[in-house]
There are 2 protein chains.
Amino acid sequence: MVFDYQLHLILLFSYFAFKIYLRIIFKKEVKMMPRRGPFGPPWWHPWFKNCGCRITGPREVILQVLSEMPGHPSADEIYLSVKKLYPQIGLATVYRTLDLLANLGLVHKLDFGEGRARYELAKGPGTKGHHHHLICIRCQKVVDYADFTDEEREFLEKVEKSLSEKYNFQITDHLIQFYGICEECRRREGEEK
Amino acid sequence: MVFDYQLHLILLFSYFAFKIYLRIIFKKEVKMMPRRGPFGPPWWHPWFKNCGCRITGPREVILQVLSEMPGHPSADEIYLSVKKLYPQIGLATVYRTLDLLANLGLVHKLDFGEGRARYELAKGPGTKGHHHHLICIRCQKVVDYADFTDEEREFLEKVEKSLSEKYNFQITDHLIQFYGICEECRRREGEEK
DNA sequence: TTTTCTATTGATAATGATTATCAATAATAA
DNA sequence: TTATTATTGATAATCATTATCAATAGAAAA
């Protein structure tokens with residue numbers, strides 16, 4: 001019993017020590033295990049069970065990759081990342097899974113006007129809260145924007161109430177994006193003149 | 001001189017009389033002439049001249065069609081409408097012209113998440129003012145929404161100012177869309193249960 | 001008016017993201 | 001363990017949009 005506990009501690013210590021070692025070697029974060037509570041199933045299992053969806057290898061890996069990719073990856077970028085951990089993955093499976101996750105509300109499907117969709121994990125530990133996007137119309141750079149939530153919430157509530165009444169719509173979601181020219185592009189264009 | 005003036009009046013009267021006649025026969029609005037001031041060039045000519053663009057037949061027809069199509073037509077729908085007035089038009093020209101018009105700010109390019117763009121005339125007589133869109137996530141129906149502009153303007157000014165300062169973006173535009181389920185689809189889904 | 005220059009056009013091929021198809025596989029319930 | 005069927009991977013198909021290119025036609029200059 002006591003030995004068990006000590007063994008556990010030693011293994012846990014070794015795990016973190018090795019992770020730190022790898023981090024020093026590769027100079028980046030290394031995730032060795034799928035993200036899960038230390039003594040329980042990953043957080044997304046209930047969502048799958050709930051809709052009668054099966055929990056499969058490809059889905060686990062796609063969710064893991066999504067939770068580790070910063071920014072707003074495209075389907076293709078996700079596919080390439082998944083391929084490293086799970087080489088037999090097919091592109092169609094990535095599209096299907098992203099579609100499923102979007103329907104479950106676990107990811108947001110984003111459109112920055114590039115002619116392809118981008119994705120962002122919406123639920124789970126470590127995800128950003130509600131936010132909007134600020135997009136540079138020159139270089140397509142995207143900045144997440146999450147300020148002014150008080151006024152925003154008030155404003156949106158008012159508008160959504162009004163819309164519900166006037167058009168008999170049951171509002172489920174909204175999209176707000178700002179477009180502009182980022183500092184870098186402005187500077188570059190200034191120099192060109 | 002005086003005769004000239006009277007002739008003008010008679011012709012003008014005949015034009016409207018005939019238009020009303022056609023309207024009764026076909027039960028819809030009939031546009032017989034390109035939309036232009038009665039004694040001047042169409043309103044969009046200055047925009048073209050200004051950027052060194054040539055004023056061509058296809059462009060005139062596309063603008064005319066845009067000013068007469070209600071709602072939010074897709075490139076393909078515009079192409080088919082233009083084809084009736086100008087059968088030799090090519091699809092590529094429609095795309096090129098819409099792209100040009102969007103860059104000039106004469107049309108808005110819209111995205112309702114259907115995998116193809118839709119367009120809306122932004123300038124010129126008879127166009128709707130600034131408004132947003134309310135989209136049914138079931139049947140894709142789109143309602144134009146233009147209320148609450150006071151609060152909205154105040155809110156947006158505040159946000160855009162904050163964004164300019166914080167991220168050094170020069171804000172040029174914004175996009176606000178609301179998603180929901182329209183009355184019809186809600187009723188239909190209620191019945192299915 | 002005529003000439004000259006070159007932006008624009010139409011036809012069509014190419015692109016590229018996403019979706020459909022289908023036999024093989026594997027997750028789950030019994 | 002077995003039966004059921006959702007899911008998968010490979011690949012073909014789809015479909016909106018873009019690129020290519022020789023021919024055409026605005027419009028500035030002569």
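This note goes through the salt bridges of the predicted model.

1. Residues are numbered from 1 along each chain as its sequence is written, and chains are lettered from A in the order in which they are written. Because the model is predicted, side-chain atom pairs count only at pLDDT 80 or more and local features need pLDDT of at least 70, while totals for chains use all residues, and side-chain values rest on heavy atoms, with hydrogens and water left out.

2. Taking a salt bridge as a side-chain nitrogen of Lys or Arg within 4 Å of a carboxyl oxygen of Asp or Glu, the count over all chains is 18.

3. One of these pairs is A:Glu151 with B:Lys158, whose closest N and O atoms are 2.8 Å apart. The pair joins two chains, because A:Glu151 lies in helix 6 (residues 149-167) of chain A and B:Lys158 in helix 6 (residues 149-167) of chain B; helices (H or I, at least four residues) and strands (E, at least two) are DSSP runs, numbered from the N terminus. A:Glu151 is partly exposed at 30% relative accessibility, and B:Lys158 is partly exposed at 38%, where partly exposed lies between buried (under 20% relative accessible area) and exposed (over 50%), with a 1.4 Å probe and protein chains only.

4. Within chain B, B:Lys128 and B:Asp144 form a salt bridge with closest N and O atoms 2.9 Å apart. This pair links distant parts of the chain, 16 residues apart, with B:Lys128 in the loop between strand 2 (117-121) and strand 3 (132-136) and B:Asp144 in strand 4 (residues 142-145).

5. B:Glu183 and B:Arg187 pair at 3.7 Å between the closest N and O atoms, and both lie in helix 7 (residues 183-192) of chain B, four residues apart, about one turn of the helix.
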